[in-house]
Amino acid sequence: MIRILNGRTRGQHPQSIDEMFKLRKRVFHDFLKWDVQTDGEWEIDNYDKSNPLYILSYSPETGKLRGSLRLLPTLGPNMLDDTFPILLGDNPEIRSASIWESSRFCIDPEISQDRASNQVTVAAAELMCGVGELGLASGISHIVTVTDVFLERMFRRMGCPGERIADPHRIGSVYAVAVAWEVTPSLLSAMKAVAAIEGTVLERPMSLETARAA
């Protein structure tokens with residue numbers, strides 16, 4: 001199940017927000033050893049002040065948070081244009097009302113280390129399907145992201161290969177790359193087929209704008 005929260009009203013959902021920022025710290029700081037900002041048990045940065053949308057995946061069996069990502073419109077502050085423009089190569093900045101950025105994509109490390117099941121695929125696909133459903137409901141043309149080449153391969157296995165915007169660059173300890181996905185019904189269907197997801201993944205139907213205004 002996908003639950004969507006926005007940055008402006010995150011104080012109304014303290015437990016969900018606390019779990020998400022703790023998960024981000026465990027993944028990006030503790031497990032991947034990325035150079036990220038932390039505040040106690042949280043990984044949190046300046047983009048979290050820009051009223052992002054938080055896409056949260058919960059296990060239907062346990063109700064436990066198993067993954068999350070963050071969405072921001074490219075017309076405002078975003079990581080690709082403002083922090084990692086080197087990943088655009090010779091391409092201009094991406095500033096468009098029809099293009100949103102996904103960032104801080106993460107899956108619970110306990111799940112990601114369980115190679116005997118398909119929980120990673122299901123949780124990851126559910127997050128991306130949530131983005132796809134939101135995008136289609138909102139007339140969004142593309143989703144862009146900054147990721148590493150390992151996650152890029154995982155996206156391919158999930159049925160959403162995307163297109164590199166430019167060549168990868170080594171940033172810190174990882175080879176990072178900017179990827180763009182065209183938001184289409186066929187892409188959404190492909191991801192759901194890979195993970196055997198039926199029906200909607202959203203807790204309730206909504207668009208990106210109604211989610212940000214909620």
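Reply: Let's start at Pro161, which is partly exposed because its relative accessibility is 41%, and partly exposed is the range between buried (under 20% relative accessible area) and exposed (over 50%), with a 1.4 Å probe and protein chains only. You're looking at a predicted model, where local features need pLDDT of at least 70 and side-chain atom pairs need 80 or more, while totals for chains, interfaces and linings use all residues. Numbering runs from 1 along each chain as its sequence is written, and side-chain values use heavy atoms, without hydrogens or water.

Pro161 sits in the loop between α5 (149-157) and β8 (163-164); helices (H or I, at least four residues) and strands (E, at least two) are DSSP runs numbered from the N terminus. Leaving out neighbours within four places in sequence, Pro161 is in contact with Phe155, Arg156, Val179 and Trp181, contact being heavy atoms within 4.5 Å. Ser173 is twelve residues from Pro161 in sequence, yet their C-alpha atoms are 23 Å apart.

Trp181 gives us a way on, as it is also among the residues that His142 touches. His142 belongs to strand β7 (residues 142-148) and is partly exposed, with a relative accessible area of 28%. From His142 to Gly162 it's 20 residues in sequence and 9.8 Å in space, C-alpha to C-alpha.

Now for helix α4 (residues 119-138). Its 20 residues should span 28 Å and its end C-alpha atoms are 29 Å apart, so the two agree; the expected span is 1.5 Å times one less than the number of residues. Most of α4 is covered, with 15 of its 20 residues buried. Gly139 follows α4 and has a positive phi, near 75°.

Helix α1 (residues 14-31) has 18 residues and reaches 24 Å between its first and last C-alpha, close to the expected 26 Å. Among its buried residues are Phe21, Arg24 and Phe28. Just after α1, Lys33 has a positive phi of about 60°.

Phe28 is worth a stop: it's buried, at 2% relative accessible area. The charged end of Arg104 sits over the ring of Phe28, 5.3 Å from its centre, where the cut-offs are NZ of Lys or CZ of Arg within 6 Å of the centre and within 35 degrees of the ring normal. Arg3 does likewise over the face of Tyr58, at 4.6 Å from the ring centre.

Rings of Phe, Tyr and Trp (its six-membered ring) pair if their centres lie within 6.5 Å; planes under 30 degrees apart are stacked, over 60 edge-to-face, and the rest tilted. That rule gives five aromatic pairs. The Phe28 and Trp34 pair is tilted, because their planes meet at 35°, with centres 5.1 Å apart. Elsewhere, ring pairs link Phe21, Trp42 and Tyr54 into a cluster.

Zooming out, the protein chain has seven helices and ten strands. Buried residues make up 53% of its 214 residues. Of the contacts between residues at least 6 apart in sequence, 70% join residues at least 24 apart. Along the principal axes, its C-alpha atoms fill a box of roughly 45 × 40 × 40 Å.
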